[in-house]
Amino acid sequence: MSNKILLVDGMALLFRHFYASSIHKNYMLNSEGTPTNGVQGFVRHIFSAIYQINPTHVAVCWDMGATTFRNETFNDYKGHRPEPPEALKPQFNLVHQVSEALQFENIGVKNYEADDIIGTLTKYLSHSETNEIYIITGDKDLLQCLGERVKVCLIKKGFTEYNVYNKERFENEYGIVPHQLIDVKAFMGDTADGYYGVKGIGERTAIKLIRQYHSVDGVLQHLDELTPRQQSMITRDMDHLKISYFLATIHTDVPFTFSNIENQLRYTFNSMHVLDVCEKYELNVSKNYINKLFKSK
């Protein structure tokens, strides 16, 4: 019998649902006046995934602080992002409390991003042929972690719609293998994360170069075969190209203990407990949603 392991980018869910509902100032205040809209969205989304996937194991992975080891190499990494809105700030602690109360395994390691934790868990857990891994995220960078038993479910719409990639779909669509996405990102950069790679080279050209030369090093070894304009752009931005490769690479050796990790991640849905947690934290919208969702199963 195979294990279904659900790895969730917790902050991606919190941010997504906070901004989706705050457009209309729908902050869902609790009795203390604390906004709960992002937390309510997080709860509804993760239980929608549990309903669809029926996992045997769950881990919610978190960013820990505003800076990571990437900032030590590139000070401006994600530095252009504005301060979180005041209505979101108290929900950072609240979502952790709620996630722990719901008995999910919550993993965050200082100096690393949630992506690195997900990548590390995926690398370790995918060694077993009995494990099927489902990653829920809004970040395409995690496509580099695709494997034979690894699917990446990119958040698409609402609580239930995903753009689901497996290794076969990625390779057919991009014409490269998953780990070569790092080389593509090195050239094209990532404006959302504040680094630009090689200015003038976008996704289409970057993919074409990696299809032909297989890696950043391969392109550099055949630089004289490129157009004069491409040679000029790459030579000009060589330092940024190398930094971008480092920034785009998901770290898969985050230091935490694996000795009992599968038991730690084991999860069994208990509707009474979940509804009690929602009641305790005044997450009435989530409570009603979950109650209706699982009654239909």
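Residues are numbered from 1 along each chain as its sequence is written. Because the model is predicted, local features need pLDDT of at least 70 and side-chain atom pairs count only at pLDDT 80 or more, while totals for chains, interfaces and linings use all residues; side-chain values use heavy atoms, with hydrogens and water left out.

**The sheet**

Let's start with the open sheet: six strands in the order E3-E2-E1-E4-E5-E6, with mixed pairing. Strands here are DSSP runs of E with at least two residues, helices are runs of H or I with at least four, and both are numbered from the N terminus. Two strands pair if DSSP finds at least two bridges between them. Which strands stand at the edges? They are E3 (105–107) and E6 (161–165); each has a single partner strand, so one side of each is left without a neighbour in the sheet. From one strand to the next, the twist averages 25°.

| Strands | Sense and bridges | Example pair |
|---|---|---|
| E1 (3–9) and E2 (57–61) | parallel, five bridges | Asp9 and Cys61 |
| E1 and E4 | parallel, six bridges | Leu6 and Tyr134 |
| E4 and E5 | parallel, five bridges | Ile133 and Val150 |

E4 is mostly covered, with six of its seven residues buried. Buried means under 20% relative accessible area, exposed means over 50%, and partly exposed is in between (1.4 Å probe, protein chains only).

Helix H5 (residues 114–125) lies across E1, E2, E3, E4 and E5, running at about 165° to E1. For these angles, axes are lines fitted to C-alpha atoms, for helices over the stretch in contact, and values run from 0 to 180 degrees between N-to-C directions.

**Nonpolar cores**

A nonpolar core is a set of buried Ala, Val, Leu, Ile, Met, Phe, Trp, Tyr and Cys residues joined through side-chain atoms within 4.5 Å. The largest has 50 residues, and those with the most contacts inside it are Leu7, Leu121, Phe187 and Ile234. A second, separate core of 39 residues includes Leu13, Ala49, Tyr162 and Val274. Beyond its neighbours within four places in sequence, Ile234 is in contact (heavy atoms within 4.5 Å) with residues including Phe187, Val198 and Leu241.

**A threonine in a loop**

Thr36 sits in the loop between helix H1 (10–22) and helix H2 (37–53). Is Thr36 buried or exposed? Thr36 counts as buried because its relative accessibility is 0%. A polar atom of its side chain lies 2.5 Å from the backbone oxygen of Met28. Leaving aside neighbours within four places in sequence, Thr36 is in contact with Tyr27, Met28, Asn30, Gln91, Leu94 and Leu283.

**Cysteines**

How many disulfides does a search of the whole structure find? Zero, with a disulfide taken as a pair of cysteine sulfur atoms within 2.5 Å. For Cys153, the nearest cysteine sulfur is that of Cys145, 13 Å away. Cys153 is buried, with a relative accessible area of 5%, and Cys278 is buried too, at 1%.

Technical notes: Polar contact = N/O pair within 3.5 Å; in protein donor to acceptor, adjacent residues only side chain to side chain.
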